[in-house]
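The points below are grouped by topic.

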Amino acid sequence: MKEFSLSLTATPDTIDELGHVNNAVWVQWIQQVATGHWDAAAPQSHKDAFVWVVVRHEIDYLRALGPGETVTARTWVADKPQGAKFDRFMEFTGADGKAHVRARTVWALLDKASGRPLRVTDAVVAPFLG
């Protein structure tokens, strides 16, 4: 699996006082899509041994998403990791094909047992590179 996508719909609890999806919800959706990709693509042995943590988010909010509207979130990895860090890209598009949000997030790989950072190996990244 190289790319992963997930459909998300704005529900009343995701809407803020401005009448659109709150910025904090977009961050939660970014994490939901990223972990969904990991769960779908990584072998069980990797899921048992490793955990990822976010070290940086870069988010461009391009268009509001209102109540009941749906976006398709698409995520991919374009580059090889650097040490323990792994860049993930995302785009959330509406039914009209226009982007609502674009993001680049940096994740760090940790050993689940010790909590210590680990170098991302070719074997760990292979299911995600296109």
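A residue counts as buried under 20% relative accessible area, as exposed over 50%, and as partly exposed in between. D96, with a relative accessible area of 47%, is therefore partly exposed. The model is predicted.

**Nonpolar core**

- The largest nonpolar core has 31 residues, and those touching the most other members are W26, W29, W52 and F92.
- At least two residues of this core come from each of strand 1 (4-9), helix 1, strand 2, strand 3 (70-76), strand 4, strand 5 (99-111) and helix 3 (122-125).
- With eight residues, helix 1 gives the most to this core.
- Leaving out residues up to four places away in sequence, F92 touches L8, W26, W29, I30, V33, V71, T72, A73, K98, A99, H100 and V101.

**Largest pocket**

- The volume of the largest pocket is about 160 Å³.
- Its lining consists of Q31, A34, T35, W38, V51, W52, F86, R88, W107 and F128.
- Seven of the lining residues are nonpolar, two are polar and one is charged.
- Helix 1 (23-41), strand 2 (50-61) and strand 4 (85-94) each supply at least two residues of this lining.
- The largest share of the lining, four residues, is from helix 1.

**Salt bridges**

- The count of salt bridges comes to eight.
- One of them joins the side chains of D96 and R63, at 3.2 Å from N to O.
- D96 is in the loop between strand 4 and strand 5, while R63 is in the loop between strand 2 and strand 3, so this pair ties together parts that are 33 residues apart in sequence.
- R63 has a relative accessible area of 34%, so R63 is partly exposed, as is D96 at 47%.
- The side chains of K80 and D122 also meet in a salt bridge, with 3.3 Å from N to O.
- Because K80 lies in the loop between strand 3 and strand 4 and D122 lies in helix 3, the pair ties together parts that are 42 residues apart in sequence.
- K80 and D122 are both exposed.
- R104 and D87 form a further salt bridge, in which the closest N and O atoms are 2.9 Å apart.
- That pair links distant parts of the chain, as R104 is in strand 5 and D87 is in strand 4, 17 residues apart.
- R104 has 25% relative accessibility and so counts as partly exposed.
- A network of salt bridges links E3, R74, E91 and R102.

**H57 and I59 in strand 2**

- H57 has its place in strand 2, and I59 lies in strand 2 as well.
- The relative accessibility of H57 is 31%, so H57 counts as partly exposed.
- H57 touches V27, I30, R104 and T105, with residues up to four places away in sequence not counted.
- One of these contacts, R104, is the residue that forms a salt bridge with D87.
- H57 and V106 are 49 residues apart along the chain, and their C-alpha atoms are separated by 6.5 Å.
- I59 is in contact with V27, I30, V101, R102 and A103, leaving aside its neighbours within four places in sequence.

**T14 in a loop**

- T14 is found in the loop between strand 1 and helix 1.
- The relative accessible area of T14 is 9%, so T14 is buried.
- Not counting residues up to four places away in sequence, T14 touches H20, V21, N22, V25 and W29.
- From C-alpha to C-alpha, T14 and A24 are 8.9 Å apart in space, and they are ten residues apart in sequence.

Terms used. Residues are numbered from 1 along each chain as its sequence is written. This is a predicted model: local features need pLDDT of at least 70, side-chain atom pairs count only at pLDDT 80 or more; totals for chains, interfaces and linings use all residues. Side-chain values use heavy atoms; hydrogens and water are left out. On a 1 Å grid over the protein atoms alone, a cavity is a set of points where a 1.4 Å probe fits but cannot get out, and a pocket is an open set with protein on both sides within 12 Å along at least five of seven lines; lining residues have an atom within 4 Å of a point. Grid points are joined across faces, edges and corners, and a volume is the space filled by probe spheres set on the points. Ala, Val, Leu, Ile, Met, Phe, Trp, Tyr, Cys and Pro count as nonpolar, Asp, Glu, Lys and Arg as charged, and the others, Gly among them, as polar. A nonpolar core is a set of buried Ala, Val, Leu, Ile, Met, Phe, Trp, Tyr and Cys residues joined through side-chain atoms within 4.5 Å. Buried means under 20% relative accessible area, exposed over 50%, partly exposed in between (1.4 Å probe, protein chains only). Contact means heavy atoms within 4.5 Å. A salt bridge is a side-chain nitrogen of Lys or Arg within 4 Å of a carboxyl oxygen of Asp or Glu.
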